[in-house]
Amino acid sequence: MQAWSESDSIELVCLKKWHETADTVSLELGYSDQERTFEFKPGQFVTLGLNMPEQFEYRAYSISSAPNGSSLKLTVKRVEGGIVSNFIVDELDEGDEIDVLKPAGGFNCVDCVPSTSNKVTLVSAGCGITPVMAMVRYWLSFDSGIEIDFIHMARDRQQTIYYRELVQLEKEHPNFNLRLLLKDNTDTNCPQGRLDKNWLVKLSPDIQDRTVYLCGPVGFMQDVESYLKEIDFNMANFYQESFTPKPVESTPMANEESGTEQSAVNVFVPSFGVELEAEKGSPLIDSLEKGGVPVIAACRSGICGSCKCKVDKGTVTTTSTETLTPEEIEQGYVLACSSTIQSDLEVSL
């Protein structure tokens, strides 16, 4: 039986937890008393709901396992000042229960299919390895015939997530080509340096004939995208996931025009009997949370889609429409964390 078959949120148990590196842990999530399969598109993420000491928190993490298994694998890296990530690394124990929302995300190898050449180059750095690793496991498990160049940037071998598995995959699969580039390298088997245009072509010589999938820190992603453009790569064969929303022009979205200029506006959520006053230009998510409306704000940056709601009357300005379909946008759906209030509103969930 498929998980999430009857609900957008399920409760799973941390079946196993282990260190990948000194500051990174992997989790295996599943059911302790039954077996269900987890269907998702390789590259997607799930949103975890964690009962923290002070309050319940939501965060989104990429799935690194292949789909249709009996558990989900996630990998979480310690982040300086990161409340949830550090809680997971230090405090979460095997046997703990976690709320898990349905998988989401457009960066995946099902919707973003490889070109007809059946050759791909995966480029990642740090924890950006997690979604592309799911793609690798999927392609290799199903013997798809995809030829994979796997370029990963890390500080050194000890801080390379999945290092041993990557080396083993290269030994077992002739269509998997591991290309590690290490900043502080003492291993003569791996090149040392920082990824630039020359390294990109050297590590994947026929990259012009491939489809590129990219994930990592924002600056790293921007650099790699610029390198591809410099070599006149066909950007139609380029897909990326940066855990930040794609920059879009602020777009007014409304179901009812309003020409009022007041600084204070009303937000009304009829289905929950909530009506309150808000400042014009303030984030919609703040008003919904203040009113006790059960909206989930997992990423608070417009990428996970968990705070989707519908503006039935009034006007907001939105900066991200990630995970929303064109039909939903036309119907008035917005992401509350990325929408600012411009007039009196009537909202529904």
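Student: Which residue in β10 does L122 stand opposite?

Tutor: In this predicted model, L122 stands opposite Y213 in β10. The setting is the pairing of strand β7, residues 119–125, with strand β10, residues 211–215; the two run in the parallel sense and are joined over five bridges.

Helix α5, formed by residues 218–230, packs on the sheet and touches β7, β8, β10 and β11. The direction of α5 makes about 160° with that of β10. Another helix, α2, lies across β7, β8, β9 and β10 and runs at about 155° to β8.

The sheet itself is open and has five strands, in the order β9-β8-β7-β10-β11, with parallel pairing. At its edges stand β9 and β11, the latter spanning residues 238–241, and each of these pairs on one side only. Direction ignored, neighbouring strands of the sheet are turned by 15° against each other on average.

A further helix, α3, covers residues 163–172, and its residues Y163, L166 and L169 are buried. Seen down the axis of α3, the buried residues fall within an arc of 125°, so they line one face of the helix. These buried residues pack against α2 (129–141), β8 (147–154) and β9 (176–182). On the face of α3 turned away from the buried side, R164 and K171 are exposed.

Methods. Residues are numbered from 1 along each chain as its sequence is written. This is a predicted model: local features need pLDDT of at least 70, side-chain atom pairs count only at pLDDT 80 or more; totals for chains, interfaces and linings use all residues. Side-chain values use heavy atoms; hydrogens and water are left out. Buried means under 20% relative accessible area, exposed over 50%, partly exposed in between (1.4 Å probe, protein chains only). Helices (H or I, at least four residues) and strands (E, at least two) are DSSP runs, numbered from the N terminus. The arc is that of the directions from the helix axis to the C-beta atoms. Contact means heavy atoms within 4.5 Å. Two strands pair if DSSP finds at least two bridges between them. Axes are lines fitted to C-alpha atoms, for helices over the stretch in contact, and angles run from 0 to 180 degrees between N-to-C directions.
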